[in-house]
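Subject: The structure I promised you

Hi,

My notes on what turned up follow below it.

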Amino acid sequence: MNASSEQVGVTPGESASAGTQRAARRRAAGIYGTVITAAVLASAGSRLPTLALAVAVLVTLIVYWVAELYSEILGEQALHAHLPLWPRIREGLASTWTMVSAAYLPVLALVVSRLFGASPTAAANIALAVAVVVLAIHGWSAGRAAELRGAQLVIVTMIAGGLGVVMIILKNFVVTNLH
């Protein structure tokens, strides 16, 4: 195995920077997907039944996932003056699927908590809390990939988790003040 293929996501014969870019793209898509998940949970968590909320999260993420890839491909088409080939589209779909899969744990927490008797609002709040943890993990992972240590790693992790906390604060503000 050559040195470049030891990088995560790099196949033999591929440059380490391509694998690093792919890993960064997956990480960014995961963060984006988790923020979208938290936003849907925060905005509709107390108004939709559990199954409808879970479906709304996943459908919203699939729409964003396809829209993001579509806009990227259109941009590339304008830049390179040709339509992308199927391998490029397939690579784009695969490298950004984490936008959708980022919702799995929060949606699972939503459904399981509801099965264990939590109210729809409590289940949505549990799912939001899980989304905050997932965001913090993504932040920590991004910080580690950037070789951050100590206080810098803690700050990056807290900022990522803070995005989810902002969603919870907004949810509670909307529910308390606008309903």
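Let me begin with E147, which is exposed, with a relative accessible area of 65%. Over 50% is what it takes to be called exposed, so E147 qualifies. Keep in mind that this is a predicted model. E147 sits in the loop that links α6 to α7. Its backbone deserves a look too: E147 is not a glycine, yet its phi is positive, at about 60°. That positive phi comes just after α6.

Now the overall picture. The chain has seven helices and zero strands, so in order from the N terminus the elements simply read α-α-α-α-α-α-α. Of its 179 residues, 35% count as buried. If you take the contacts between residues at least 6 apart in sequence, 65% of them join residues at least 24 apart.

α2 covers residues 50-80, which makes 31 residues. The buried residues in α2 are T50, L53, A54, V57, L61, W65, L69 and I73. Look at how they are spaced along the helix, with this in mind: an α-helix has 3.6 residues a turn, so residues three or four places apart point the same way.

α6 has 26 residues, and the distance from its first C-alpha to its last is 37 Å, close to the 38 Å expected at 1.5 Å a residue. Its buried residues are A123, A124, A127, L128, A131, V132, V134, L135, A136, H138, G139 and G143.

How the helices pack

Which way do α5 and α6 run relative to each other? Helix α5 (residues 104-115) and helix α6 (residues 120-145) pack at about 150°, and their axes are 8 Å apart. Angles over 145 degrees count as roughly antiparallel, so that is the label for α5 and α6. The crossing of α5 past α6 is right-handed. On the α5 side the contact is made by L105, P106, A109, L110, S113 and R114, and on the α6 side by P120, A123, A124, I126, A127, V130, A131 and V134. By class, this contact has 12 nonpolar residues, one polar and one charged.

S113, in helix α5, is worth a click. With a relative accessible area of 10%, S113 is buried. Apart from its neighbours within four places in sequence, S113 is in contact with A118, A123 and I126.

α5 also packs against α2. The axes of α2 and α5 come within 10 Å and cross at roughly 175°, so this pair is roughly antiparallel too. T50, L53, A54 and V57 of α2 meet V107, L110, V111 and R114 of α5. That contact has six nonpolar residues, one polar and one charged.

Then there is α2 with helix α3 (residues 86-96): they pack at about 140°, with their axes 10 Å apart. Because of that angle, α2 and α3 count as oblique to each other. α2 passes α3 in a right-handed crossing. The residues involved are W65, L69, E72, I73 and E76 of α2 and R88, I89, G92, L93 and T96 of α3. They divide into five nonpolar, two polar and three charged.

One last residue

Is I168 buried, exposed or partly exposed? I168 belongs to helix α7 (residues 150-177), and at 23% relative accessibility it counts as partly exposed; the cut-off for buried is under 20%. Leaving aside neighbours within four places in sequence, I168 is in contact with L128, A129 and V132. The C-alpha atoms of I168 and A42 are separated by 6.3 Å, although the two residues are 126 residues apart along the chain.

Cheers

Technical notes:
Residues are numbered from 1 along each chain as its sequence is written. This is a predicted model: local features need pLDDT of at least 70, side-chain atom pairs count only at pLDDT 80 or more; totals for chains, interfaces and linings use all residues. Side-chain values use heavy atoms; hydrogens and water are left out. Helices (H or I, at least four residues) and strands (E, at least two) are DSSP runs, numbered from the N terminus. The expected span of a helix is 1.5 Å times one less than its number of residues. Buried means under 20% relative accessible area, exposed over 50%, partly exposed in between (1.4 Å probe, protein chains only). Axes are lines fitted to C-alpha atoms, for helices over the stretch in contact, and angles run from 0 to 180 degrees between N-to-C directions. Angles under 35 degrees count as roughly parallel, over 145 as roughly antiparallel, 65 to 115 as roughly perpendicular and the rest as oblique. A crossing is left-handed if the near helix is turned anticlockwise from the far one by less than a right angle, and right-handed if clockwise. Contact means heavy atoms within 4.5 Å. Ala, Val, Leu, Ile, Met, Phe, Trp, Tyr, Cys and Pro count as nonpolar, Asp, Glu, Lys and Arg as charged, and the others, Gly among them, as polar.
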